[in-house]
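I opened this structure for the first time today. These are my notes, in the order in which I looked things up.

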Amino acid sequence: MQRTAKAAADFRRSVYNNHKSALKNQRNTMGTGTTISIIIAVVAIILTIFFYMNDSLDKRVEKAINHPDFIKKVAEYSKLPMLIFNEDGTYQSESADASLLISKIEPFTEKIERGKERFAGFIVYPSQFLNSAPILQAINSKVVFSKAKKINTIDWKYRIPEWNGSEWGGSYDEPPEKLYKIEIIK
């Protein structure tokens, strides 16, 4: 009987120790499913925060771009400074402070025959150096200018080539004032 009691006690002790070590191992390690669940949860939280911030930034940018003050600033910045002037070089209208960039516009004439002169174009005197020639065009006439030529380091000459024909064929008392537009490329 001593053997059986001892065997029974050893058996109980080994079952208790096995159960105790199994509980100890279970407390110290996580299962594979738990690890994967934590990784998925962290990734989901990061993606949620990213998409929320991205959407929030898109809405803020769109709101700022569509604001009238911003649109007005962009329009002022992006439009070319422009002057409208008559055949005498007198300014009629301007935008974007173009008169600060052009000091004066002077018409010039050329002799054609025996003391006769014809209106031949304009000389543009910028108040500062311009990398590119300003764009000159007639508004209410068929006048076409040849390519602008530099006279010196900053002044530009726009010549009207000779042509046969009449520009004015109306029946009014006086022909309308010829207007020209010059746009300054910054």
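**Surface patch**

I began with the outside, where Ile39, Val43, Leu47, Phe50 and Phe51 form a nonpolar patch with about 500 Å² of accessible area together. Patches take residues with over 30% relative accessible area and no salt bridge, joining like charges within 9 Å and nonpolar side chains (Val, Leu, Ile, Met, Phe, Trp, Tyr) within 5 Å. A salt bridge is a side-chain nitrogen of Lys or Arg within 4 Å of a carboxyl oxygen of Asp or Glu. The areas come from the Shrake-Rupley method with a 1.4 Å probe, and for residues only the protein chains shown count as cover.

I noted the basis of the model: it is predicted, local features need pLDDT of at least 70, side-chain atom pairs count only at pLDDT 80 or more, and totals for chains, interfaces and linings use all residues. Residues are numbered from 1 along each chain as its sequence is written, and side-chain values use heavy atoms, with hydrogens and water left out.

I placed Phe50 in helix H2 (residues 32-65). Helices (H or I, at least four residues) and strands (E, at least two) are DSSP runs, numbered from the N terminus. Phe50 counts as partly exposed because its relative accessibility is 49%; buried means under 20%, exposed over 50%, and partly exposed in between (1.4 Å probe, protein chains only).

**Aromatic rings**

I found 8 aromatic pairs in the structure. In one of them, the ring centres of Phe122 and Tyr180 are 4.9 Å apart with planes at 70 degrees, so the pair is edge-to-face. Phe122 lies in strand S4 (residues 116-126) and Tyr180 in strand S8 (residues 179-183), so this pair links parts of the chain 58 residues apart. Rings of Phe, Tyr and Trp (its six-membered ring) pair if their centres lie within 6.5 Å; planes under 30 degrees apart are stacked, over 60 edge-to-face, the rest tilted.

I checked burial: Phe122 is buried at 0% relative accessible area, and Tyr180 is buried at 0%. Ring pairs join Phe85, Phe119, Phe122, Phe145, Tyr158 and Tyr180 into a cluster.

**A loop residue**

I looked up Ala96, in the loop between strand S2 (91-95) and strand S3 (102-113). Ala96 is partly exposed, at 25%. Leaving aside neighbours within four places in sequence, Ala96 is in contact (heavy atoms within 4.5 Å) with Lys79 and Pro81.

**Whole chain**

I listed 3 helices and 8 strands. Of the 186 residues, 21% count as buried.
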